[in-house]
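Dear colleague,

My findings follow directly after it.

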Amino acid sequence: MKLDRKDILKALETITLAGEGKNMVESEAVRNVLTFGDEVVVELVMQTPALHIRKRAEADIIKTIHDLVSPDAKVKVNVKIEAPEKPEIKGKAIPGISNIIAVSSGKGGVGKSTITANLAVTLAKMGFKVGVLDADIYGPSMPIMFDVERERPISVMIDGKSKMKPISSYGVEILSIGFFTSPEQAVIWRGPMAGKALNQMIFDADWGELDFLLLDLPPGTGDIHLSIMQALPITGAVIVSTPQAVALADAKKGVAMFRQESINVPVLGIIENMAYFTPEELPDNKYYIFGKEGARNLAEDLEVPFLGEIPLVQSIREAGDYGRPAALQTATPLEAAFEELARNVVQETVDRNDNLPATEAIKITTMAGCSAVKKK
Ligand SMILES: Nc1ncnc2c1ncn2[C@@H]1O[C@H](COP(=O)(O)OP(=O)(O)O)[C@@H](O)[C@H]1O
Ligand SMILES: [Mg+2]
């Protein structure tokens with residue numbers, strides 16, 4: 001049997017790759033088709049590194065050639081992934097931790113830590129293994145929010161190395177910069193020092209297997225953020241803002257920071273906290289005291305997903321102070337709001353992992369006035 005290249009191309013014209021409008025020949029995903037007797041080699045170029053999409057394309061090609069050209073054709077598909085725009089920098093992946101999500105806000109006091117704590121317990125309730133790393137050197141609040149203020153991590157021996165064991169509370173593993181400083185002690189850390197401490201809390205800690213490690217970042221967009229971003233391969237960032245103009249302006253800076261070339265962390269979306277005030281006994285009454293839908297509109301403007309809105313309710317504040325995140329109360333509107341938020345975060349994380357290469361920790365070294373991005 002001798003296969004004809006033209007017949008193969010015609011058959012491939014019936015296949016359209018996921019996410020593309022044109023068939024794979026027209027879109028030039030098929031770079032080459034070679035036939036040798038009853039053998040055919042299809043050279044395919046794809047943009048996405050997602051294995052399941054690749055496998056599906058391969059299976060489609062083989063089936064289509066068997067169906068439309070010859071059931072005896074020996075089909076080989078060579079897939080090449082188109083080089084990503086950014087040169088690939090290999091960093092240190094963290095064994096056992098699947099996704100690191102940075103929770104960030106341009107402005108302090110918008111509820112970044114409150115959202116982190118509630119998102120963490122909600123993800124844990126959904127069955128995920130969750131850790132929280134409280135990296136807010138200016139005001140670590142996870143120890144209070146999880147009622148573990150007096151706890152101190154112990155060290156355990158893992159493979160002959162001493163590792164810090166996170167504190168567990170409500171099914172969430174926690175390490176906080178607050179465990180290592182007394183509450184009265186003002187912590188003014190320089191970027192590199194904080195980066196080093198955080199590095200230890202990640203790489204020298206016994207986190208075990210985690211689906212999500214949430215990182216409560218300090219507010220703002222300073223030096224310290226650069227250090228953290230350089231030290232850790234962050235999967236994506238979520239940005240918390242209130243609907244108020246001053247908070248939105250800072251949230252915008254936050255998005256810009258993650259998008260800047262030397263950081264380049266995908267923004268998974270924006271969360272609107274304190275979206276409206278609602279009295280607990282009158283949940284249908286909504287008062288838009290900080291303005292209406294500001295963060296939702298900002299997400300639209302910046303073309304990032306809107307992940308959800310959380311109202312301003314007294315019980316959220318009380319629960320935070322008491323040390324038992326409000327989302328733990330079952331069958332409440334709040335639980336539902338946090339569940340929707342968590343589902344969106346999971347969805348965006350999955351999409352991000354399907355479509356983009358892993359974020360690598362990068363190291364920027366400055367030498368004699370010139371900076372270079374170096375392999376770690
Ligand atoms: N949705 C909310 N409803 C009521 N109080 C909230 C809400 N979000 C945050 N707070 C309260 O606002 C204050 C600041 O929140 P926090 O999470 O510490 O902010 P950040 O980490 O951004 O500085 C805390 O007292 C917290 O309990
Ligand atoms: Mg905070």
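In this predicted model, isoleucine 158 has lysine 161 of strand 7 as its bridge partner. The pairing to which these residues belong joins strand 6 (residues 155–158) to strand 7 (residues 161–164) in the antiparallel sense, over 4 bridges. The two strands form a hairpin with 2 residues between them.

Aspartate 159 is in the loop between strand 6 and strand 7, and its phi is positive, near 50°. Most residues other than glycine have a negative phi. Aspartate 159 counts as exposed because its relative accessibility, 78%, is over the 50% cut-off.

A positive phi also occurs at methionine 274, where the value is near 55°. Methionine 274 lies in strand 12 (residues 267–277). With a relative accessible area of 18%, which is under 20%, methionine 274 is therefore buried.

I would also draw your attention to an annotated segment. An unreviewed UniProt entry carries the annotation "binding site" for Gly106, Lys107, Gly108, Gly109, Val110, Gly111, Lys112 and Ser113. Lysine 107 is found in the loop between strand 4 (97–104) and helix 3 (112–125), and glycine 108 is located in the loop between strand 4 and helix 3 as well. Lysine 107 is partly exposed, at 30% relative accessible area; glycine 108 is likewise partly exposed, at 39%. Leaving aside residues up to four places away in sequence, lysine 107 touches Pro219, Val246, Ala247 and Asp250.

Yours sincerely

Notes: Residues are numbered from 1 along each chain as its sequence is written. Chains are lettered from A and ligands numbered from 1 in the order in which they are written. This is a predicted model: local features need pLDDT of at least 70, side-chain atom pairs count only at pLDDT 80 or more; totals for chains, interfaces and linings use all residues. Side-chain values use heavy atoms; hydrogens and water are left out. Two strands pair if DSSP finds at least two bridges between them. Buried means under 20% relative accessible area, exposed over 50%, partly exposed in between (1.4 Å probe, protein chains only). UniProt positions are given in the numbering used here, feature names are shortened, and annotations may be inferred rather than shown by experiment. Contact means heavy atoms within 4.5 Å.
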